[in-house]
Amino acid sequence: MLSDKEQKKEFKAIASKHPEEYYAVDVLKQEGFQRKQCGKCKKYFWTVNESDVCGDSSCGGGFRFINNSPAKEQLRYVEVWKKFSKMFKDFGYTPIKRYPVVARWNPTVDFTIASIAAFQPFVVSGEVKPPANPLVIPQFCLRFGDVDNVGITGSHLTGFVMIGQHMFIDPKEWNQNKVFQEIHTWLKKGLGLPNKEIIYHEDAWAGGGNFGPCMEFFSRGVELGNQVYMLYEQTPSGNKPLKLKVLDMGMGQERNAWFSQGSPSIYDATFPNVCKKLYQKTGIKVDPKLMQKFIPLAGYLNVDEVEDVEKAWGSIAKQINVSREELKKTILPLSAMYSIAEHSRSLLVALNDGGLPSNVGGGYNLRMIVRRALNFIDQYNWDLDINDIAEWHANEVKELFPELSENLEEVKKLLNVEKQKYQNTKQKSQSVVAKLIQEKITPEKLVEVYDSQGIQPEIIANEAKKIGKEIKVPDNFYGLVAAKHEKKVQEHETQKDAGIDTTGIADTKLLYYQDYKLSECNAKILKVVDNKVILDQTVFYPTAGGQLHDIGAINNQKVVDVIKQGMVIVHVVESASFKVGEQVVCKIDQERRLQLAKHHTSTHIVNAAARMVLGKHVNQAGAKKTVEKAHIDLTHYQSITEEELQKVEQEANRIIKKAIPIKKSCMSRNEAEKKYGFAIYQGGVPIGNELRIVDIQGIDVEACGGTHLDNTKEAGQIKILKASKISDGIIRIEFVAGPAAKKFAEDKQNTIKELVKILNSKEDEVVGRAMELFELWKTIVKKGKKADTTLKSHEKYTGQDAVEKVAEIFKTQPEFIVKTAERFVKEIKEKE
């Protein structure tokens with residue numbers, strides 16, 4: 001099979017030879033457009049003019065609309081969506097709200113990168129119905145590949161709204177001329193462009209195994225959007241028509257506002273109020289005449305397309321008749337200001353939607369843009385606070401995205417944490433940089449140092465300059481960093497594949513969904529492969545969702561593993577002697593099931609309790625439930641304190657004591673997302689159109705296929721064992737519930753009793769150990785525990801006094817020193 005790039009190239013050649021089969025040629029001809037081939041880039045394009053160039057900025061001389069837009073309608077940023085959605089509603093489309101930019105419903109990506117991504121993978125594949133059909137959406141997206149171009153070109157963004165025009169329909173209903181006519185109407189009536197100001201480019205698109213033709217629309221050098229028609233899929237046996245035709249039109253809301261206004265930059269058009277405040281705070285004065293000359297040429301500074309950026313600066317300066325130094329002196333501070341504004345907006349949306357800056361995955365790129373913004377503030381010594389800027393943005397788009405104003409305090413808290421971490425890194429970096437600048441520093445080394453220690457290349461370059469050493473920072477440095485962190489790491493994976501062909505086998509009826517206490521059932525054998533058995537129905541829960549499988553027997557044949565393969569349950573037995581069609585009896589280990597159910601429901605309870613204590617940014621990143629204990633991994637920006645941990649435990653047990661009913665139901669994915677939102681996806685994304693929803697009413701709602709209690713009181717008690725930081729931005733809380741919690745408490749008391757007994761019998765021998773314990777106690781006090789005012793200097797304690805004091809400490813603070821107790825006991829026993 002071809003790569004996406006190869007597939008696009010191959011199909012584009014085919015489409016170019018037969019445009020009438022793949023493009024809306026009828027509409028174009030009716031509107032007076034002619035097909036031509038660009039004399040420069042050789043691309044095929046459609047125009048009503050006599051020009052022989054395609055109108056792309058690189059072929060037509062940059063952007064040519066600054067202060068001179070051909071659009072009759074000058075639209076404010078929010079007005080673009082309002083006018084577009086009203087027009088398309090009249091066309092029969094349903095306007096829907098944006099999806100979160102943190103793509104919790106899609107396990108393959110961290111962030112929503114395009115409007116169509118809101119509907120991947122399940123809607124596009126046909127597994128799930130779309131929320132409306134056809135629809136339009138103002139989808140906020142994040143992409144970090146162009147981060148080095150933000151600010152400098154006047155047109156690049158990390159966060160942007162892609163207005164999507166989408167439909168997912170049967171091939172018989174597909175009407176490409178109609179959907180193309182609709183977008184052409186937007187350009188003519190929405191923006192007020194005459195046909196002579198519109199140019200269409202023929203193109204192709206390929207991705208995710210699908211491909212089709214694409215039509216891009218331009219005016220005066222700027223691409224306003226494109227319409228992709230997903231019509232085919234790649235298969236090992238060749239290309240085939242898709243069963244579901246997909247319309248994927250993506251149009252930049254920022255681009256359309258900028259173009260219609262003819263503003264100096266995309267930032268001035270998108271968030272003018274924020275820019276106005278930043279001009280005032282920074283004292284930057286914009287020279288309109290200079291900007292009018294510079295912005296059309298700024299695209300030549302695109303680090304992804306130019307080999308020598310310094311040479312490009314010189315060329316632009318020459319064209320607008322200023323020195324390179326004077327041009328950079330004017331543009332670079334303005335670029336920094338724009339970057340601060342743009343990054344603050346992206347962070348506002350990402351943090352509001354559940355993103356968390358960290359050193360791993362997509363969170364790394366969030367931290368990168370925080371630090372890039374903070375570094376610009378430091379570099380120019382501006383009195384700016386990104387908290388304030390985030391609030392300005394929230395106010396400016398309140399009409400479009402009111403939710404951004406509702407969670408500002410949480411966003412500010414996260415930004416404050418990042419500001420403190422940035423300052424800490426700056427302080428720690430001084431000694432590292434001092435050593436580093438004595439070495440030969442390559443671009444790869446700069447990326448490595450930033451990646452491992454968070455030290456920005458500008459700091460290294462500035463320090464090197466002080467000793468007369470020049471370090472070249474790659475123009476695309478932050479793009480290189482971003483590329484390393486685009487894919488997420490799956491912390492936990494408990495799904496397995498039995499490797500059985502299940503073609504023609506009916507979905508297994510899951511009886512444990514109906515009653516988690518059910519321990520026995522009759523079933524019919526559907527398939528046997530070696531020691532693997534498939535039944536028509538089962539009480540056996542498979543390994544899934546971080547929960548271990550049930551054990552038990554099928555007709556006295558011991559079941560050692562249970563695997564979910566698609567919607568079929570495969571039972572692995574020690575030795576199989578079954579026949580297809582045979583009736584069997586299934587029995588599970590009920591005590592094990594009940595304990596696993598208590599641990600699974602308690603995982604949901606601890607998740608909810610942690611969110612109440614730590615903040616709304618907390619989400620499950622993984623979990624594991626065994627008979628002995630359970631743990632849950634949560635997104636959090638720092639290690640959890642002992643006080644916070646105690647509050648989480650108290651809150652969890654409060655939920656248990658309230659005896660809250662737990663409702664379990666199945667509903668369509670669309671219905672569940674509309675009713676509960678995307679927070680239902682905690683730690684994983686179930687497949688299929690139907691979701692099982694576990695609702696601890698008023699406390700927590702999750703899509704989950706695990707075995708769950710009917711009421712929180714059935715969990716008995718939750719005892720948190722410990723918490724640890726397993727990676728940057730992820731903490732792990734280990735706990736026990738139900739009988740396991742009771743057993744833990746009994747074991748702890750037995751340990752304390754045994755220690756006290758040994759201390760009493762070996763009084764003189766353990767005085768030294770007691771002294772060591774006092775030192776541990778003092779360390780605990782220094783770390784923030786409430787001091788014991790009765791605790792005197794340990795030298796004053798001898799003999800029985802020491803024994804009693806040790807016992808007292810163990811009774812009042814067993815959580816901290818139970819391990820120490822166990823070690824003391826072990827050492828004393830070994831001496832005997």
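**Figure 1. Strand 11 and strand 12 form a hairpin.** Two residues lie between the strands, and Asp530 in the turn has a positive phi of about 55°. The model is predicted; local features need pLDDT of at least 70, side-chain atom pairs count only at pLDDT 80 or more, and totals for chains, interfaces and linings use all residues. Residues are numbered from 1 along each chain as its sequence is written, and side-chain values use heavy atoms, with hydrogens and water left out. Helices (H or I, at least four residues) and strands (E, at least two) are DSSP runs, numbered from the N terminus. Strands pair if DSSP finds at least two bridges between them. Lys527 has Ile534 of strand 12 as its bridge partner.

**Figure 2. Strand 16 pairs with strand 12 and with strand 15.** Strand 16 spans residues 568–573 and meets strand 12 in the antiparallel sense over three bridges. Here Ile534 stands opposite Val570. Six bridges join strand 16 to strand 15 (residues 557–565), again antiparallel. Gln565 stands opposite Val568 in this second pairing. Strand 15 and strand 16 form a hairpin with two residues between them. Gly566, in the turn, has a positive phi of about 65°.

**Figure 3. Both faces of strand 16 are covered.** In a regular strand, side chains alternate between the two faces of the sheet. On one side sit Val568, Val570 and Val572; on the other, Ile569, His571 and Val573. Buried means under 20% relative accessible area, exposed over 50%, and partly exposed in between (1.4 Å probe, protein chains only). Six of the six residues of strand 16 are buried, so the strand is largely enclosed by the rest of the structure.

Figure 4. Strand 3 runs parallel to strand 4 (residues 135–142), with two bridges between them. Pro95 has Val136 of strand 4 as its bridge partner.

**Figure 5. Ile284 lies in the loop between helix 10 and helix 11.** Helix 10 covers 272–282 and helix 11 covers 288–298. Ile284 is buried, at a relative accessible area of 14%. Contact means heavy atoms within 4.5 Å. Leaving aside neighbours within four places in sequence, Ile284 is in contact with Tyr279, Pro333, Leu334, Met337 and Trp382. Met337 is 53 residues from Ile284 in sequence; in space, the two are 8.8 Å apart, C-alpha to C-alpha.

**Figure 6. Thr425 and Lys426 lie in helix 17.** The helix spans residues 408–436. Thr425 is buried, with a relative accessible area of 15%. The side chains of Thr425 and Arg371 are joined by a polar contact of 3.4 Å. Such a contact is a pair of N or O atoms within 3.5 Å; within protein, one must be able to donate a hydrogen and the other to accept it, and residues adjacent in sequence count only if both atoms are side-chain atoms. Not counting residues up to four places away in sequence, Thr425 touches Arg371, Gln453, Gly454 and Ile455. Lys426 forms a salt bridge with Asp378, with the closest N and O atoms 2.8 Å apart. The pair links distant parts of the chain: Asp378 is in helix 14 (residues 361–379), 48 residues from Lys426. A salt bridge is a side-chain nitrogen of Lys or Arg within 4 Å of a carboxyl oxygen of Asp or Glu. Lys426 is partly exposed at 29% relative accessibility, and Asp378 is partly exposed at 32%.

**Figure 7. Arg220 and Glu197 meet in a salt bridge.** The N to O distance is 2.9 Å. Arg220 lies in the loop between strand 7 (210–219) and strand 8 (222–233), and Glu197 in the loop between helix 7 (176–190) and strand 6 (199–207). Glu197 is buried, with a relative accessible area of 15%.
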